[in-house]
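Please read them with the model open.

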Amino acid sequence: MVHQYKKNGYNIIMDVNSGAVHVVDDLAYDVIARYETADKQQIVTELLKKYADVPEITETEILDSIADVEELKEGGDLFSEDTFRQHAGELKKRLSTLKAICLNVAHDCNLRCKYCFADEGEYRGKREIMSLEVGKKAFDFLVENSGTRRNLEVDFFGGEPLMNFKVVKELTEYAKEIKQKTGKNIRLTLTTNGMLLNDEVIEFANREMENVVLSLDGRKEVNDKMRPTANGKGSYEIIVPKFKKLVESRNGKTYYIRGTFTNHNLDFAKDILHYADLGFKELSIEPVVCDPSEEYAIHKGDLPTILEQYDILADEMLKREEEGKGFLFYHYMIDLKHGPCIAKLVSGCGVGLEYLAITPNGDIYPCHQFVGEDEFRLGNVETGIERTDIQDKFRGSHLYEKEECANCFAKFYCSGGCAANAYHAHGNINGIYEIGCEMQRRRVENAVMMEVHRAMREAE
Amino acid sequence: MKRIVTLTTKNLRDTLTKGGCGECQTSCQSASKTSCSVANQKCENKDNQ
């Protein structure tokens, strides 16, 4: 399968099944567009007509271009076949061992974000914080079920995890004990709204956390409208200075300023640029995930605006790169040379198998977005997995189970998309969330275009 | 080739045999949490790069 598009002055050809990317001139672009549906003579006739005003486009030139396409095809870099479908079940099996948990150490929060999928920390349950005992059992559960995996991951999540900072610190020490005993390296992430950051927490986070995810929605008025404090005031002025302090002393370790956009800020490129103007360099913003009846929900009709914003962002990022003021945007961080293997791309995010979420009382769910939904409760850290039937559904879920993905050029970039989004949109983990798909396709086109631009600049 | 420039990319077919070690980052462990971003992760398998 080939996807071809024009963007930012480049004619880009993505050969989906090999992962190859080509940049071509107009003639080659037109040859490739016709290659599978017309024979050589038809292509020559059509293109001689099209380029009648361009003297250098002769029959010989067109035939040379067709020969180039044939050569690439023979080399497996163009019009390559999808040979992975027959291996899909086996590839998924390779990646079905637990290796990461989202640890909800606090089902409580000190902000009242209006779109919170975690129900302002309560996850359709009660306010609760995780005990050290349950936390240790969660770590033990992870290690015991991780087979031969060396690199494991725990994300301290919530609610707001710093409302249970004592346990976060103690579990961080426990992770070190585990490493000494088993050799397993547990990479820790802290996802925080920043309200409780102080010098002690910042020093701890920068010393111990491999990654920190800092929640901020962008411009002050945007952030404060959706992320008020418990007493209804804005959170921007409280958290931005703390985030700056944390990032300034992070010493090159990974972090993300991470926001959510809603239909209140469909001009969200401005919010990302606002992060950059504040001096932050590792940025992400995600579309809100919520019931479509919510007044801030994103609808299909918003897509043209949203897609244009992704374009504006890509253009501005390249401009700022040239000026030496570049920054990273998570969805544009696609490394064409060192990305994941086909097993990972077919398997998806690992929900329910490689990746699980654990609540303050030790209940286990397929991921953080299923927490509190009884029909997805897998078990508890005390008893282990009780509902293997639910896990089997995730075991049988992979890219090739999603019929809508078969002809999508972005399939090896999003791997079939988010099971929770699909379930919440259509009641089926093997479905798709169409609005998300549209955004993903545009983000992939932009990310690849940016890689093309960098490669062409380097070649100059 | 006169009219085609091919970028250096990882060929997915070459990763079929040795891939799937499971050592790379889980996508929702980064900045995602509400969408799927598997392709944004870096491969950590030296045999596969």
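1. First, a term. Helices here are DSSP runs of H or I with at least four residues, and strands are runs of E with at least two, numbered from the N terminus. By that count, chain B has 0 helices and 1 strand. Keep in mind throughout that this is a predicted model.

2. Chain B overall. Its C-alpha atoms fill a box of roughly 45 × 25 × 15 Å, taken along the principal axes. Chain B has 49 residues, and 65% of them count as buried.

3. How many residues of each chain take part in the contact? On the chain B side there are 45, and they are in contact with 85 residues of chain A. The area buried between the two chains is about 5,400 Å². Carbon and sulfur atoms give 53% of that area. Which three residues of chain B supply more of its buried area than any other three? They are Arg3(B), Gln29(B) and Lys33(B), which supply 15% of what chain B buries against chain A.

4. The rule finds 6 salt bridges across the interface of chain B and chain A. For one salt bridge, look at Lys33(B): its side chain meets that of Asp155(A), at 2.8 Å from N to O. Lys33(B) is also one of the three residues named above for buried area. Across the interface there are also 35 residue pairs in polar contact, both residues being at pLDDT 80 or more. By class, the side of chain B that touches chain A has 22 polar, 14 nonpolar and 9 charged residues.

5. The strand pairing. Strand E1 of chain B (residues 4-6) is joined to strand E3 of chain A (residues 20-24) by 3 bridges. The two strands run antiparallel. Which residue of E1(B) is the bridge partner of Val23(A)? It is Val5(B).

6. Met1(B) sits in the segment before E1 of chain B. Within chain B, Met1(B) and Glu23(B) are 22 residues apart in sequence. In space, their C-alpha atoms are 38 Å apart.

Terms used:
Residues are numbered from 1 along each chain as its sequence is written. Chains are lettered from A and ligands numbered from 1 in the order in which they are written. This is a predicted model: local features need pLDDT of at least 70, side-chain atom pairs count only at pLDDT 80 or more; totals for chains, interfaces and linings use all residues. Side-chain values use heavy atoms; hydrogens and water are left out. Contact means heavy atoms within 4.5 Å. Buried area is the accessible area (1.4 Å probe) that two parts lose on being put together, summed over both. A salt bridge is a side-chain nitrogen of Lys or Arg within 4 Å of a carboxyl oxygen of Asp or Glu. A polar contact is a pair of N or O atoms within 3.5 Å; within protein, one must be able to donate a hydrogen and the other to accept it, and residues adjacent in sequence count only if both atoms are side-chain atoms. Ala, Val, Leu, Ile, Met, Phe, Trp, Tyr, Cys and Pro count as nonpolar, Asp, Glu, Lys and Arg as charged, and the others, Gly among them, as polar. Two strands pair if DSSP finds at least two bridges between them. Buried means under 20% relative accessible area, exposed over 50%, partly exposed in between (1.4 Å probe, protein chains only).
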